[in-house]
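User: I am new to this structure and would like to learn how to read it. Could you take me through its features in order?

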Amino acid sequence: MEVSQRLALQNEKLAAIGRLAAGIAHEVRNPLGVIRASASMVREHFTSGEEAYRACDFIREEIDRLNGLITALLNFARPAELRLQPVSIEQVIDKALHLTSDELQRRGIILTRESTGTLPSVLADPDLVAQVVFGLLVNAAEAIEQHGRIIVRTVSEHNQVGVEVIDTGPGILPSDSERIFEPFFTTKPTGTGLGLPMAARIVQAHGGTIEVVTDKRTGPQSIGARFRIRLPLQGPVTVQEHAA
Ligand SMILES: Nc1ncnc2c1ncn2[C@@H]1O[C@H](COP(=O)(O)OP(=O)(O)OP(=O)(O)O)[C@@H](O)[C@H]1O
Ligand SMILES: [Mg+2]
């Protein structure tokens, strides 16, 4: 299949997910709320050691998980609206790191920052870019599980900046390197598989690129996955500018 055909198909799939998500959100959220509140009420009648109490907790936990999934779907369905401003990528990374530092510490993961000189500012949406970096860090931590290293590297290139997130996890099979960007592709029991497609959508809306660099080295020198984002300094190029 040609690239353009594949992209068209992907877009159709995304639009269908969007319609589905909006429908699900309306029809499912309210009853879920009622079920959760009822489980909480029933739980009141038991003490924490009892089986029924634990059953109520299970109900609540699963409902929270479903609500999380619906929120993820809705965020995914909404077209990314960019609030562009001059952004320091280093600050955006700081923010994402701040959100993950407890989790990294808990897992015994050591994080290192690398940078090639001072980065120019980028016209971007700081919250959305932070969301992308955050998602990559969480993926890296989940891949490592316990004890390993993550390197966040920033690179200044000709009229763009690059951010790389490199981990010492098991890496990604070359045969999976395209599928991981497809909606709902996940190898995790409670994953949505929307993290990377969402990241790709945000980066592309900025006129940038995201890719996974597969590394063929093996043995003790091997590294796990390496994700690379590139953002143009001038932000997304509008169609008009393109034509001019
Ligand atoms: N750093 C990584 N190392 C190894 N595999 C990875 C890495 N990042 C992503 N993957 C693979 O890509 C899949 C898709 O990632 P994505 O972030 O889209 O969804 P997820 O992490 O499974 O779910 P969610 O983001 O909702 O928690 C993962 O399930 C995992 O198999
Ligand atoms: Mg993820």
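**Domains and layout**

Analyst: The chain is divided into domain 1 (3-77) and domain 2 (85-243); domain bounds come from an automatic or database domain assignment. This is a predicted model, in which local features need pLDDT of at least 70 and side-chain atom pairs count only at pLDDT 80 or more, while totals for chains, interfaces and linings use all residues. Residues are numbered from 1 along each chain as its sequence is written, and chains are lettered from A and ligands numbered from 1 in the order in which they are written.

User: How many helices and strands does the chain have?

Analyst: Helices (H or I, at least four residues) and strands (E, at least two) are DSSP runs, numbered from the N terminus. The chain has six helices and seven strands. Along the sequence they follow the pattern α-α-β-α-β-β-α-β-β-α-β-β-α. The C-alpha trace spans about 65 × 45 × 40 Å along its principal axes.

User: How many residues of domain 1 are in contact with domain 2?

Analyst: Two residues are in contact if their C-beta atoms, placed from the backbone, lie within 7 Å. By that rule, seven residues of domain 1 are in contact with five residues of domain 2. On the domain 1 side, helix 1 (3-43) and helix 2 each supply at least two residues, and helix 2 gives the most, with four. That side divides into five nonpolar, no polar and two charged residues. For these classes, Ala, Val, Leu, Ile, Met, Phe, Trp, Tyr, Cys and Pro count as nonpolar, Asp, Glu, Lys and Arg as charged, and the others, Gly among them, as polar. The C-alpha centres of the two domains lie 27 Å apart.

User: What do contacts say about the chain as a whole?

Analyst: Among contacts between residues at least 6 apart in sequence, 75% join residues at least 24 apart.

**Buried and exposed**

User: Is Q5 buried or exposed, and why?

Analyst: A residue is buried if 20 or more other C-beta atoms lie within 10 Å of its own, exposed if 12 or fewer, and partly exposed in between. Q5 lies in helix 1. Q5 is exposed because 9 other C-beta atoms lie within 10 Å. The C-alpha atoms of Q5 and S115 are separated by 38 Å, and these residues are 110 apart along the chain.

User: And D102, buried or exposed?

Analyst: D102 is in helix 3. It has 9 C-beta neighbours inside 10 Å, so D102 counts as exposed. Of the 244 residues of the chain, 23% count as buried.

User: Which residues of helix 5 are buried?

Analyst: They are G195, L196, P197, M198, A199, A200, I202 and V203. Helix 5 is mostly covered, with eight of its eleven residues buried. The cover includes helix 2, helix 4, strand 6 (209-213) and strand 7. Just after helix 5, G207 takes a positive phi of about 80°.

User: How is a nonpolar core read?

Analyst: In soluble globular proteins, nonpolar side chains tend to be buried together. A nonpolar core is a set of buried Ala, Val, Leu, Ile, Met, Phe, Trp, Tyr and Cys residues joined through C-beta atoms within 7 Å. The largest one here has 42 residues, and V132, V133, L137 and A199 have the most contacts inside it. Helix 4 gives the most to this core, with eleven residues. The core draws at least three residues from each of domain 1 and domain 2. Leaving out residues up to four places away in sequence, A199 touches V132, G135, L136 and I210.

User: Why does the length of helix 4 agree with its number of residues?

Analyst: The expected span of a helix is 1.5 Å times one less than its number of residues. Helix 4 has 19 residues and so should span 27 Å, and its end C-alpha atoms are 27 Å apart, which agrees. E145 follows helix 4 and has a positive phi, near 70°.

**The ligand**

User: Which residues come nearest to ligand 1?

Analyst: A residue is near a molecule if its C-beta atom, placed from the backbone, lies within 6 Å of it. Of the 20 residues around ligand 1, A143, T186, G191, T192 and G195 come nearest. Helix 4 (126-144) and helix 5 (195-205) are the elements that give two or more residues to this shell. Helix 4 has the largest share, four residues. By class, the shell has eight nonpolar, ten polar and two charged residues.
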